[in-house]
Amino acid sequence: MTSHVPNEARVIPLRPRAQRPEAAPAAPPAAAPPAAAPERRRPAAREPLWRDLVGDVLRRERLAQERTLKEVAETARISMPYLSEVERGRKEASSEVLAAAAGALGLGLGDLLARAQGELVRLAARHAGPGRGPGSSGARYDGMCLAA
């Protein structure tokens, strides 16, 4: 993955925008019926990215142990700039890199992923609106699925 790609999805409209007829002149504003105020909706909360969650867990654990980025990077045999990028969610690290970083912090890869999954469940429950979230549609968040 490249680091210059924004964390936003590109939206492609499914329907073309309505075009105004060019032949018909526009009615004067006084003759037009009053338009209803557009309904305002809250913007949808952005779902967290897996790399952000894993990076947050790594950084929190490192800071809890009062260790420097340099110490952990040297122990894990990862470059310090790369580990910094992983912690900030800028890089999608391989399982080998994640295992090395977790091991340098005294965690197993499973521990790291379980903590990230727990954070995902917590954030999903907080951002779930009415009628959404665990239990409302039969969906449960008691597992994890990773795809590359």
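Modeller: Arg-77 lies in the loop between α2 and α3. We will come back to that residue. Keep in mind that this is a predicted model.

Biologist: Where do I start? How many helices and strands does the chain have?

Modeller: Count the elements, then read their order. Here there are five helices and zero strands. Along the sequence the pattern is α-α-α-α-α.

Biologist: Which residues of α1 are buried?

Modeller: First the general idea. An α-helix has 3.6 residues a turn, so residues three or four places apart point the same way. Now the case. The buried residues of α1 are Arg-51, Asp-52, Leu-53, Val-54, Gly-55, Val-57, Leu-58, Glu-61 and Arg-62.

Biologist: What do the buried residues of α1 pack against?

Modeller: They pack against α2 (69–76), α3 (80–87), α4 (95–104) and α5 (109–127).

Biologist: How do I describe a pair of helices?

Modeller: Two packed helices are described by the angle between their axes and the distance between the axes. For α1 and α3, the angle is about 115° and the axes are 7 Å apart.

Biologist: Which residues of α1 and α3 meet?

Modeller: From α1 come Arg-51, Gly-55, Asp-56, Leu-58, Arg-59 and Arg-62. From α3 come Ser-84, Val-86 and Glu-87. By class, this contact has two nonpolar, two polar and five charged residues.

Biologist: And the nonpolar core? Which residues touch the most other members?

Modeller: The largest nonpolar core has 21 residues. Val-54, Leu-58, Leu-83, Leu-98 and Leu-112 touch the most other members. Each of α1, α2, α3, α4 and α5 supplies at least two residues of this core.

Biologist: Take Val-54. What is Val-54 in contact with, leaving aside its neighbours within four places in sequence?

Modeller: Val-54 is then in contact with Leu-98, Leu-112 and Ala-116.

Biologist: Now a charged residue. Is Glu-119 buried or exposed?

Modeller: Look at the relative accessible area. Under 20% means buried. Glu-119 lies in helix α5. Its relative accessible area is 14%, so Glu-119 counts as buried. Leaving aside neighbours within four places in sequence, Glu-119 is in contact with Leu-53 and Arg-60.

Biologist: What about backbone angles? What is phi for Glu-66?

Modeller: Most residues other than glycine have a negative phi. Glu-66 is not a glycine, yet its phi is positive, about 55°. Glu-66 follows α1 and sits in the loop between α1 and α2. With a relative accessible area of 72%, Glu-66 is exposed.

Biologist: Back to Arg-77, then. What is its phi?

Modeller: Phi of Arg-77 is near 60°, again a positive value in a residue other than glycine. Is Arg-77 buried or exposed? At 77% relative accessibility, Arg-77 is exposed.

Biologist: Last, the whole chain. What share of the 148 residues is buried?

Modeller: Buried residues make up 22% of them. The chain exposes about 11,800 Å², and carbon and sulfur atoms supply 54% of that area. Residues 24 or more positions apart account for 66% of them.

Notes. Residues numbered from 1 in each chain as written. Predicted model: local features only at pLDDT ≥ 70, side-chain atom pairs only at ≥ 80, totals over all residues. Heavy atoms only, no water. Buried < 20%, exposed > 50% of the residue type's maximum accessible area, 1.4 Å probe, protein only. Helix = DSSP H or I, 4+ residues; strand = E, 2+ residues; numbered from the N terminus. Contact = heavy atoms within 4.5 Å. Areas by Shrake-Rupley, 256 points an atom, 1.4 Å probe, with all protein chains shown as cover. Axes fitted to C-alpha atoms, helices over the stretch in contact; angles between N-to-C directions. Nonpolar A, V, L, I, M, F, W, Y, C, P; charged D, E, K, R; others polar. Core = buried A, V, L, I, M, F, W, Y, C linked by side-chain atoms within 4.5 Å.
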